[in-house]
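Please look through the sequence and the model shown here.

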Amino acid sequence: QVPLVEFGGGLVQAGDSLTLSCAVSRRSFSTYIMGWFRQTPGKEREFVAAIHWNGESAWYHDSVKGRFSVSRDNTAKMAYLHMNSLEPEDTGVYYCAAGNHLDVYYTTNYDQWGQGTQVTVSS
């Protein structure tokens, strides 16, 4: 049983859009904050965005505000990261994570992680 799987990455050009999906195989999904992080080789995992369990609150890293948005479907047990106006600096491996702490910016506040999906943005 795989509890958390993200997918939807790929190679795109600057200015393109891409949506990442995260499927969660657990009954308690609706009670969890869902976060998105990204990482490049040699760097620490960086917070991108998060959405509260009821979908009414969301948080974004400054570098993606106005370009990215998060959503979730608790019935389908899915979380999404919608990325618009992509830039080469957005390149990295993107991870979804489930947590239960309102300080959403830190990896230590998430209990489960997906395997990651590669997003590459060319100039």
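This is a predicted model: local features need pLDDT of at least 70, side-chain atom pairs count only at pLDDT 80 or more; totals for chains, interfaces and linings use all residues.

Residues are numbered from 1 along each chain as its sequence is written, and side-chain values use heavy atoms, with hydrogens and water left out.

A disulfide is taken as a pair of cysteine sulfur atoms within 2.5 Å. By this rule the count is one disulfide. Cys22 and Cys96 are the two residues joined, with an S to S distance of 2.1 Å. The link of Cys22 and Cys96 is right-handed, with 60 degrees about the S-S bond. The pair connects distant parts of the chain: Cys22 lies in strand S3 (residues 18-24) and Cys96 in strand S9 (residues 92-99), 74 residues apart. Strands (E, at least two residues) are DSSP runs, numbered from the N terminus. Both Cys22 and Cys96 are buried, where buried means under 20% relative accessible area, exposed means over 50%, and partly exposed lies in between (1.4 Å probe, protein chains only).

Strand S3 also belongs to a sheet. Two strands pair if DSSP finds at least two bridges between them. In general, the strands of a sheet pair through backbone hydrogen bonds, either parallel or antiparallel. Here an open sheet of four strands has the order S1-S3-S8-S7, with antiparallel pairing. Strand S1 (4-7) and strand S7 (68-73) stand at the edges, each with a single partner strand, so one side of each has no neighbour in the sheet. On average, neighbouring strands of this sheet are turned by 15 degrees against each other, direction ignored; the axes are lines fitted to C-alpha atoms, and angles run from 0 to 180 degrees between N-to-C directions.

Within this sheet, S3 and strand S8 (residues 78-83) run antiparallel and are joined by six bridges. Ala23 has Met78 in S8 as its bridge partner. S8 also pairs with S7, in the antiparallel sense and over six bridges. There, Asp73 stands opposite Met78.

How many residues lie between S7 and S8 in their hairpin? There are four, and Lys77 in the turn has a positive phi of about 55 degrees. Lys77 has 25% relative accessibility and therefore counts as partly exposed. From C-alpha to C-alpha, Lys77 and Ala23 are 6.1 Å apart in space, although 54 residues apart in sequence.

Strand S5 is mostly covered, with five of its six residues buried. Strand S4 (residues 33-39) runs antiparallel to S5, and five bridges join the two. The hairpin of S4 and S5 has six residues between the strands, and Gly42 in its turn has a positive phi of about 85 degrees. S5 also pairs with strand S6 (residues 58-60) in the antiparallel sense, over three bridges. Here Ile51 has Ala58 in S6 as its bridge partner. The hairpin of S5 and S6 has six residues between the strands, with Gly55 in the turn at a positive phi of about 75 degrees.

Strand S11 (residues 117-122) has a covered face, made of Thr117, Val119 and Val121, and an uncovered face, made of Gln118, Thr120 and Ser122. Strand S2 (residues 10-13) pairs with S11 in the parallel sense over four bridges, and Leu11 stands opposite Thr120. S9, the strand that holds Cys96, pairs with S11 in the antiparallel sense over three bridges. Tyr94 has Thr117 in S11 as its bridge partner.

On a 1 Å grid over the protein atoms alone, a pocket is an open set of points where a 1.4 Å probe fits, with protein on both sides within 12 Å along at least five of seven lines; lining residues have an atom within 4 Å of a point. The space in the largest pocket is about 160 Å³, a volume being the space filled by probe spheres set on the points. Its lining consists of Arg38, Gln39, Thr40, Lys43, Glu44, Glu46, Glu89 and Thr91. These lining residues divide into no nonpolar, three polar and five charged, with Asp, Glu, Lys and Arg counted as charged, Ala, Val, Leu, Ile, Met, Phe, Trp, Tyr, Cys and Pro as nonpolar, and the others, Gly among them, as polar.
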